[in-house]
Amino acid sequence: MAETLLQETLRLIAESELSSPQIEKGTGLKTRWLNRLIAGDYSDPGVNKIEKLNAWLRRQSGKAA
């Protein structure tokens, strides 16, 4: 079964060495929201935020390659 966008985004966060403040600076998403997302506090986080976060994380992982 393929990963959902949310699952992929959480995986990218886990695989990165980026801190929440670094992600906040790059995406404009608040550290508190990111920490709650990582903790699993959102059963259905907003798709716009997840898409923004996912796209940014993909760009970051491409820079490391």
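Residues are called buried at under 20% relative accessible area, exposed at over 50%, and partly exposed in between, with a 1.4 Å probe and protein chains only. Helices (H or I, at least four residues) are DSSP runs, numbered from the N terminus. The structure is a predicted model: local features need pLDDT of at least 70, side-chain atom pairs count only at pLDDT 80 or more, and totals for chains, interfaces and linings use all residues. Residues are numbered from 1 along each chain as its sequence is written, and side-chain values use heavy atoms, with hydrogens and water left out.

Helix H1 spans residues 5-15. Its buried residues are Glu8, Thr9, Leu12 and Ile13. Seen down the helix axis, these residues fall within an arc of 140°, so they line one face of H1. The arc is taken over the directions from the helix axis to the C-beta atoms. Ala14 and Glu15 are exposed, on the face of H1 turned away from the buried side.

Helix H2 covers residues 20-27, and Ser20, Ile23 and Thr27 are buried in it. They cover an arc of only 60° around the axis, which puts them on the same side of H2. Pro21 and Lys25 are exposed on the other side of H2. Gly28 follows H2 and has a positive phi, near 85°.

In H3, the buried residues are Thr31, Trp33, Leu34 and Leu37. Their arc around the axis is only 160°, which places them on the same side of H3. Arg32 and Ala39 are exposed on the other side of this helix. Just after H3, Gly40 takes a positive phi of about 85°.

The nonpolar residues were then examined as a group. A nonpolar core is a set of buried Ala, Val, Leu, Ile, Met, Phe, Trp, Tyr and Cys residues joined through side-chain atoms within 4.5 Å. The largest such core has 11 residues: Leu12, Ile13, Ile23, Leu29, Trp33, Leu34, Leu37, Ile50, Leu53, Trp56 and Leu57. H1, H3 (31-39) and H4 (47-64) each supply at least two residues of this core. H4 gives the most, with 4 residues. In soluble globular proteins, nonpolar side chains tend to be buried together. Leu29 is one of the core residues. Leaving aside neighbours within four places in sequence, Leu29 is in contact (heavy atoms within 4.5 Å) with Glu24, Leu34, Lys49, Lys52 and Leu53.

Aromatic pairs were searched for next. Rings of Phe, Tyr and Trp (its six-membered ring) pair if their centres lie within 6.5 Å; planes under 30 degrees apart count as stacked, over 60 as edge-to-face and the rest as tilted. The whole structure holds 1 aromatic pair. The ring centres of Trp33 and Tyr42 are 5.9 Å apart and the planes lie at 25°, so the pair is stacked. Trp33 is buried, with a relative accessible area of 10%. Tyr42 counts as partly exposed, at 24% relative accessibility.

Salt bridges were defined by a side-chain nitrogen of Lys or Arg within 4 Å of a carboxyl oxygen of Asp or Glu. The whole structure contains 5 salt bridges. Among them, Arg11 and Glu3 meet through their side chains at 2.9 Å, N to O. Arg11 is partly exposed, with a relative accessible area of 30%. Glu3 is also partly exposed, with a relative accessible area of 42%.

The side chains of Glu8 and Arg11 meet in a salt bridge of 4.0 Å, N to O. Both residues lie in H1, 3 residues apart, about one turn of the helix. Glu8 is buried, with a relative accessible area of 14%. Glu8 also forms a salt bridge with Arg58, the closest N and O atoms being 2.5 Å apart. This pair links distant parts of the chain, with Glu8 in H1 and Arg58 in H4, 50 residues apart. Arg58 is partly exposed, with a relative accessible area of 46%. Salt bridges that share partners join Glu3, Glu8, Arg11, Glu15 and Arg58 into one network. Leaving aside neighbours within four places in sequence, Glu8 is in contact with Glu3, Asn54 and Arg58.
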